[in-house]
Amino acid sequence: MSFLLFTALLFSYVKEIKIPVGIFLEADPLLVLSSIISSRSFQAALIYALVITALTAILGRVFCGFLCPMGSVLDLTDKLFRRRRKKPAGISAKPKYVILYVLLIASLFGIQLTGWLDPISMLVRVFSTVVIPYTAAAVDWIMRMLSGIPFLEDASGYVRINLIKGILRIGQFSYRGSVAILLLFIAILSLGMIAPRLWCRMFCPLGALLGIISRKAPYRRSVSGACNSCGVCINKCPMGAISDNGRGTVDNECIRCFGCAGEYGKGAVKFGFGEPAKKYNSGITRKQFLLSSAAGVAFSLFLGRVNRAVAGVARLIRPPSVKDEEKYLATCVRCGECVKVCPTGTLQQAMFETGLNGLWAPFLSFSHGYCDYECNVCGRVCPVGAIKKQQLSEKKKFIIGKAYFDVNTCLPWAKGENCIVCEEMCPIPEKAIVLKKGKGKSGNEVLFPYVSSEKCIGCGVCEYRCPLKENKGIRIFKV
């Protein structure tokens with residue numbers, strides 16, 4: 001059910017958003033916590049994460065068992081690997097706690113890495129940049145093929161207009177880094193060949209945080225004297241949270257899925273508010289915690305030095321409302337929500353242009369599209385406020401960048417040929433590009449374009465629409 005809701009919200013593209021499409025992201029305690037730490041500011045979505053935190057402290061890791069869409073995906077794909085899977089040995093829950101502490105320590109240094117491995121952020125990113133666009137392209141291709149069949153022409157046209165363009169949004173989008181995002185996701189799914197929910201058991205940092213919160217949850221698994229220690233529940237537990245011949249429970253690893261209390265429980269296993277379980281695991285030892293923290297500090301210092309070295313090399317143009325580059329990178333959790341809803345496809349996820357810290361942080365790529373003058377949806381879906389919510393009137397005045405003509409390539413300036421595309425396409429009512437008559441190189445009368453700097457907001461329509469395929473005659477630069 002949670003995955004169906006997650007999928008339905010992912011397909012919400014309308015500009016007048018009535019439902020919280022990022023509610024799963026906003027309810028993710030790890031994303032919110034790391035963003036608060038790294039940006040040194042509270043998030044508006046804190047209330048949702050607090051609700052999940054409170055539920056976890058009382059009921060245990062019910063989020064992992066019933067609400068996490070990544071868990072639903074893993075449960076589905078794990079069944080496909082069930083026959084190939086051998087009984088694993090030596091699976092430890094400690095790596096995910098190490099990963100968690102490294103990510104949180106990095107956040108203390110203002111380096112936001114949590115979005116790389118957080119399961120909700122990862123799932124939104126892979127659906128936004130891989131699943132949805134490629135599904136749309138595949139369905140569109142099929143409908144085009146069917147349109148050639150006379151009695152299917154009307155039906156295929158209806159599907160293309162209402163399903164593909166209305167919901168999947170076929171047409172203009174390809175996303176940078178989508179192959180790497182897909183390969184990482186496939187690697188995580190493939191862990192199911194070793195053990196069910198191996199990602200959750202060993203590597204998920206959100207699961208580690210929820211495990212810490214749930215370690216003293218009063219709602220827990222209990223075993224009565226009717227238990228005959230058959231061990232069936234041990235083999236069926238997807239998290240490996242049952243020990244002592246079925247009588248012991250690692251509370252902070254139990255996701256309260258109730259599988260052991262079902263057909264295998266035979267009345268001996270129950271869930272409720274009661275006495276603490278026999279076995280309890282805090283995650284990692286004090287020594288391991290100190291080593292993890294030290295590793296996090298060392299990694300953060302190294303990463304910070306590398307990022308400072310490349311920071312001035314690439315000045316990427318960020319989404320509207322972003323003024324402070326460092327704060328933006330510290331707050332953004334790389335979920336891809338803004339990329340998904342951008343109506344023109346200009347929002348793309350960065351690779352290594354601004355260093356490792358900038359990986360997958362969205363920027364405006366005017367080779368892919370332009371910032372729609374009548375759109376402010378990216379700020380409305382950002383779950384952590386990295387892109388601020390703005391009224392449309394406010395967004396229309398926000399300076400994203402400034403346009404500059406390249407007189408060596410612009411047709412009127414370089415060749416004396418009339419071209420007024422940039423002026424015609426400029427969406428600003430007063431026009432930020434003006435035309436002035438002058439003499440070209442051959443003495444003919446030419447309309448030369450000029451940028452009115454005080455009016456230009458850097459939306460990028462002029463650069464995107466410039467008829468030159470390469471070496472555009474007008475470019476947008478960060479100010």
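A salt bridge is a side-chain nitrogen of Lys or Arg within 4 Å of a carboxyl oxygen of Asp or Glu. Side chains of opposite charge can pair when their charged atoms come close.

Before we look for such pairs, a word on the model. It is predicted, so local features need pLDDT of at least 70 and side-chain atom pairs count only at pLDDT 80 or more, while totals for chains, interfaces and linings use all residues. Residues are numbered from 1 along each chain as its sequence is written, and side-chain values use heavy atoms, with hydrogens and water left out.

**Salt bridges**

The structure holds 10 salt bridges. Here are three of them.

| Pair | N to O distance |
|---|---|
| R176 and E353 | 2.4 Å |
| K340 and E337 | 3.3 Å |
| R475 and E463 | 3.3 Å |

To describe how hidden a residue is, we use relative accessible area: buried means under 20%, exposed over 50%, and partly exposed in between (1.4 Å probe, protein chains only). R475 is partly exposed at 38% relative accessibility, whereas E463 is buried at 8%. Salt bridges with shared partners also join R61, K96 and E253 into one network.

The pair R176 and E353 meets in a salt bridge. This pair links distant parts of the chain, 177 residues apart: R176 sits in the loop between helix 10 (153-168) and helix 11 (178-190), and E353 in the loop between strand 5 (347-349) and strand 6 (362-364). R176 is partly exposed, with 25% relative accessibility, and E353 is partly exposed too, with 23%.

K340 and E337 are both found in helix 17 (residues 337-341), 3 residues apart, which is about one turn of the helix. Both of these residues are buried.

**Helix 4**

Helix 4 (residues 46-59) has 14 residues and spans 20 Å from its first C-alpha to its last, close to the 20 Å expected at 1.5 Å a residue. That expected span is 1.5 Å times one less than the number of residues. Which residues of helix 4 are buried? They are A49, I52 and T56. These residues cover an arc of only 60° around the axis, which puts them on the same side of helix 4; the arc is that of the directions from the helix axis to the C-beta atoms. The buried residues of helix 4 pack against helix 2 (23-26), helix 3 (29-39), helix 5 (62-67) and helix 13 (205-213), where contact means heavy atoms within 4.5 Å. Just after helix 4, G60 takes a positive phi of about 90°.

**The nonpolar core**

A nonpolar core is a set of buried Ala, Val, Leu, Ile, Met, Phe, Trp, Tyr and Cys residues joined through side-chain atoms within 4.5 Å. The largest such core has 107 residues, of which M70, L123, W199 and Y328 touch the most other members. Helix 9 (residues 119-146) gives the most to this core, with 8 residues. Leaving out residues up to four places away in sequence, L123 touches F6, P69, M70, V73 and F185.

Note on methods: Helices (H or I, at least four residues) and strands (E, at least two) are DSSP runs, numbered from the N terminus.
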